[in-house]
Each structure stands twice: as C-alpha cells, then as structure tokens.
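Please read the points below with the model open.

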Amino acid sequence: MSTIEAAAENAHDDHGHDHDHPSFLAHHFDTPEQQFDSGKLGIWLFLVTEILFFSGMFCAYAIFRMLRPDVFEGCSQFLNTKLGAINTGVLLFSSLTMAWSVRCSQVQQNRGLVGMLAATICCAMIFLGVKAIEYSHKWEMGLLPAGLYFYDPANPHPESHTNYLFYICLPFMILLGGVVAWLIASLVTRNTFHLKCAMPLSVAAACFFVGIGLGMVLESGDSEHGSEVAATAELETEISLIANSDDIALERLAGDAANSGAKSELNARMQQLETAGSSIVQDGEEISGAIVSVEENVMTQRKAGVFFSIYYCMTGVHAIHILVGIGFLVWLLIRAVREDFNPQYFGPVDYVGLYWHLVDLIWIYLFPLLYLIR
Amino acid sequence: MSAHGESKDGYDFAHPIPVPMLLSVFFALVFLTIVTVAQASFDIGSLDILVVMVIATIKAALVMAFFMHMAYDKPFNVIIFLSSFGFVALFLIFTMSDSAQTSPAFEPVVEEVMETDQESTNVIAEESSATSE
C-alpha cells in the first residue's frame with residue numbers, strides 16, 4: 001500500500017503524540033476504516049431526519065389528495081410532464097455521475113473524480129434552469145400558493161408586470177460573471193490550481209442557462225397546448241359561462257398579448273355578461289335546490305391554491321436541497337483538484353454522494369405524484 | 001486495491017462499484033421512468049396510484065441498493081435507514097385515518113352548502129352561477 005506510506009510521510013506530528021498517522025486521519029480515530037464508519041453512521045442518521053422531514057409534506061399531500069382527488073386531477077394538467085420527465089432524467093444522470101465519482105475517489109482516479117463531480121454540478125444546474133422556466137411560467141399565469149393565487153381561466157396569460165424569469169436568473173448571472181472573472185484572473189496570474197477549479201465551475205454556472213434554454217424549447221412546444229386543453233376541458237363550467245364557441249376562439253386570440261382588438265372585444269363581452277348577472281336561465285335548464293350533479297370547477301383560489309401551495313412547498317424545498325448539494329459538490333471539487341482523496345480517505349465524497357442520492361430519491365417520488373395524475 | 005475481503009489494519013475497506021453495474025442501474029432507472037410516463041396515458045382507474053408507487057419504489061430500491069451502496073453496507077446502517085420508512089408509514093397511516101374519520105374535506109363540499117353556513121357563502125355564489133349557465 002504505497003499510498004499509506006506516502007501519506008504517512010507527510011503526517012503532521014505537531015500535536016505531541018508519538019504514533020504516526022496519515023494527515024487525513026483525525027487522531028481520535030484508530031484507523032481510517034473506523035473514521036469512515038463513524039462518518040457513515042452519522043450521515044445515515046442525518047438522512048433519516050431528512051426522510052422524516054419530507055414525510056411531513058408527503059403527509060399533507062396524502063391527506064389533501066385523499067379528500068379532494070378531483071382538485072389534484074384538475075391542477076396536475078397545469079404541470080408540464082415533458083419538463084418533469086426531462087428533469088427526472090437529468091437528476092438520474094447526476095446520480096450516476098455522483099456514484100461514479102465515489103468510485104473514482106475509491107480507486108484514486110483524480111482526473112476522473114474532478115470530471116464526474118463537475119458533471120454532477122452541471123446536471124444540478126440544468127435541473128435548476130428547467131425548474132426556473134416552470135416556476136416563472138406558472139407565476140405569470142397566476143398559478144400561485146393559496147394566498148397569492150390569481151389564475152383566471154378566461155385570461156390565462158395576463159400581461160405580466162414583472163419578468164419573473166429575469167429575477168430568477170439574476171443571481172445565476174452574477175454567479176456566472178463572478179466565476180468567469182475568477183477564471184480570467186487565474187489565467188492572467190497563471191495560477192494552475194485556481195485555473196483547474198475555475199474551469200469546471202464556469203462550465204457548471206453556464207449550464208444553468210443551458211437548462212433555461214432546454215426548458216424554453218420544451219415549454220413552447222407543449223405547455224401552451226396543455227394549459228389550453230386544461231382551460232377548455234377542465235374548466236368547462238367557467239368558460240361556458242362566458243359564452244359560446246366563437247367566444248372561446250376569441251379568447252384564444254385575446255390570449256396573445258399583441259392582439260389588443262380581440263382583447264378589448266372579449267372584455268366588452270365579459271362586462272356585458274357581468275351586467276346581465278349570474279341569473280341567466282336558459283331553456284331546458286333544470287333548476288332545483290339539488291346541485292349535486294354540477295361539475296365543480298376546481299380552479300378556484302381556495303381549491304387549486306391549496307394544490308399549488310403543496311406543489312411549491314415540496315418542489316421548492318427539494319430545489320433548496322439541490323442548491324445546498326451544489327455547495328457541497330463545489331467544496332468536493334476544489335478538494336479533488338487538491339488531490340485530497342485516496343482509497344483510505346474518500347468519506348466526504350461518499351457522504352455527499354449519499355445526500356445527493358437521497359435528493360434524487362425524493363424526486364423519484366415527487367415526479368409521478370405531482371406531474372402524472374390524470 | 002479493490003480487494004475487500006481481508007481488512008488489513010483497517011486500511012483496506014473501499015468497495016468500488018464496477019462501472020458496468022453503475023451504467024446498467026442507470027439505464028434501468030431511465031427505462032422505469034419511461035414506463036411511468038407511458039402508463040400515465042392509459043386509463044387504469046384506481047390502480048393508477050398503486051402502479052405509480054410500485055414503479056417509484058422499484059426505482060428507489062435500485063438507487064438505494066447500488067448508488068447508495070446499501071447492498072454492501074453494514075447491516076446496522078441499513079436497518080437505521082429503512083426503519084425511517086417504517087416510521088413514515090406509521091405517521092401517514094395514523095394521520096390519514098384520523099383525517100378520514102374527522103374532517104370531511106378541506107373545502108366545504110357541495111352537498112353540505114346548506115349545513116355549513118358562514119364559511120361557504122362564496123362557494124354558494126360560485127355554484128349557483130355555475131348552475132345557471
């Protein structure tokens with residue numbers, strides 16, 4: 001075991017005890033294996049607390065879905081399955097690269113380790129980019145948590161006052177600028193260590209915008225259609241209240257922000273309807289106290305708002321976990337460039353890997369539970 | 001260095017997972033994701049949630065066993081981690097059964113509009129406007 005001897009040579013003996021131990025072995029541990037096993041037990045216990053923490057949100061989901069399955073079916077139409085599936089694939093791939101980087105650290109392939117960690121960070125950034133597209137699109141439509149919900153099926157795309165996507169992108173733009181500045185600085189000063197760190201990190205920061213692009217391409221293809229279908233099929237009660245079929249066509253035209261003529265005409269018709277009041281009784285309509293057979297409109301603030309509260313809570317906390325994971329991965333990447341890891345000391349890579357797989361595990365359940373409800 | 005049978009003074013304990021195994025687990029996961037997405041387009045009624053959860057659990061088991069090295073980990077760690085799912089099950093079962101027996105819904109349901117007076121006035125307005133279409 002040449003690594004042990006090499007490591008033992010640079011062992012620090014400045015804390016006054018007579019036995020030699022490698023620099024990576026804390027002196028309250030007898031062997032690297034004992035050190036590794038202690039850390040492993042600790043990270044498993046931490047993951048248990050994470051599971052229990054997420055179970056609270058899964059419980060809220062389960063209760064609400066048990067009581068109001070129709071709300072979930074209605075609201076799930078607004079989640080873009082394509083984007084969710086792509087994100088699942090990206091996250092699974094990042095899990096693969098993470099597991100692979102654990103392997104690299106165990107067999108001391110340092111270049112491979114740096115590459116695999118960088119790939120994992122890139123995937124995490126792409127995931128966040130796609131998520132940013134999903135979130136900003138829903139915020140513009142007013143599909144927000146219960147208190148803020150303002151979605152109006154008659155006008156699904158109101159002229160937005162704020163460009164949410166820009167505000168989400170802003171911190172990542174600053175990040176990208178900072179990392180690129182670091183890269184240029186390290187190029188100028190010819191500091192190879194900083195260069196080796198800054199290169200993969202600037203690629204990773206740029207990957208956020210790859211995710212944005214990917215999300216935009218998929219979103220423009222599918223979601224408009226999806227939400228139109230939902231708006232026409234699921235919200236029939238509300239729309240048929242507005243009027244007949246050519247009004248729906250008109251409303252689609254009005255959805256286009258540029259078409260101000262159609263928009264004003266639609267507004268006029270809606271006002272007319274409003275003044276006519278909700279007491280319009282058509283021929284053949286059965287009016288009685290029993291309103292059991294009415295197909296309920298689930299897209300109200302009180303009902304859909306609760307679904308979107310759960311949606312944002314679960315995916316948002318998951319996204320925060322991704323952000324924290326990126327932080328740990330950057331730390332690992334810098335240590336990997338420093339060549340800290342060897343077959344006796346790969347604990348940190350393994351522990352962060354376990355955390356990363358747990359985040360993946362939670363997404364594996366979130367994706368079908370939120371996106372794939374009929 | 002990947003010989004992991006004899007632990008020599010606690011210095012040889014790394015267990016690298018072979019690359020082909022990692023890749024095959026990854027492709028199995030991708031395949032199962034495609035299956036989950038595909039099944040959403042078939043109507044299988046109330047079995048839906050069951051099928052989805054079974055597929056997700058198979059995926060979770062694959063991730064845990066191979067990506068998280070659980071198949072090669074110490075049994076004590078495995079017991080600790082898996083026991084958390086037992087507690088989650090207890091939590092869900094008790095809360096849901098309680099909720100099913102006590103609260104009819106978060107929202108006042110339509111049939112109860114007459115009984116629940118105060119809170120559901122805007123629901124009444126909403127429903128009456130819906131009936132009058």
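The points go from the chain as a whole to one helix and then to one helix pair.

1. The model is predicted. Chain A holds 12 helices and zero strands, so the order of elements from the N terminus is α-α-α-α-α-α-α-α-α-α-α-α.

2. Of the 374 residues in chain A, 40% are buried. Among contacts in chain A with a separation of 6 or more, 77% join residues 24 or more positions apart.

3. Helix α3 of chain A spans residues 69-76. Its buried residues are Val71(A), Phe72(A), Gly74(A), Cys75(A) and Ser76(A). The elements that cover these buried residues include α2 (32-67), α11 (304-337) and α12 (347-371) of chain A.

4. How do the axes of α4(A) and α12(A) cross? Helix α4(A), residues 81-106, has an axis that comes within 10 Å of that of α12(A), and the two cross at roughly 160 degrees. Angles over 145 degrees count as roughly antiparallel, and α4(A) and α12(A) are therefore roughly antiparallel to each other. Their crossing is left-handed.

5. On the side of α4(A), the residues that meet α12(A) include Thr81(A), Gly84(A), Thr88(A), Leu91(A), Leu92(A) and Ser95(A). Among their counterparts in α12(A) are Val349(A), Asp350(A), Gly353(A), Trp356(A), His357(A) and Asp360(A). The residues of this contact divide into 10 nonpolar, eight polar and two charged.

6. As background to the spacing of such contacts, an α-helix has 3.6 residues a turn, so residues three or four places apart point the same way.

Terms used: Residues are numbered from 1 along each chain as its sequence is written. Chains are lettered from A and ligands numbered from 1 in the order in which they are written. This is a predicted model: local features need pLDDT of at least 70, side-chain atom pairs count only at pLDDT 80 or more; totals for chains, interfaces and linings use all residues. A residue is buried if 20 or more other C-beta atoms lie within 10 Å of its own, exposed if 12 or fewer, and partly exposed in between; C-beta atoms are placed from the backbone. Helices (H or I, at least four residues) and strands (E, at least two) are DSSP runs, numbered from the N terminus. Two residues are in contact if their C-beta atoms, placed from the backbone, lie within 7 Å. Axes are lines fitted to C-alpha atoms, for helices over the stretch in contact, and angles run from 0 to 180 degrees between N-to-C directions. Angles under 35 degrees count as roughly parallel, over 145 as roughly antiparallel, 65 to 115 as roughly perpendicular and the rest as oblique. A crossing is left-handed if the near helix is turned anticlockwise from the far one by less than a right angle, and right-handed if clockwise. Ala, Val, Leu, Ile, Met, Phe, Trp, Tyr, Cys and Pro count as nonpolar, Asp, Glu, Lys and Arg as charged, and the others, Gly among them, as polar.
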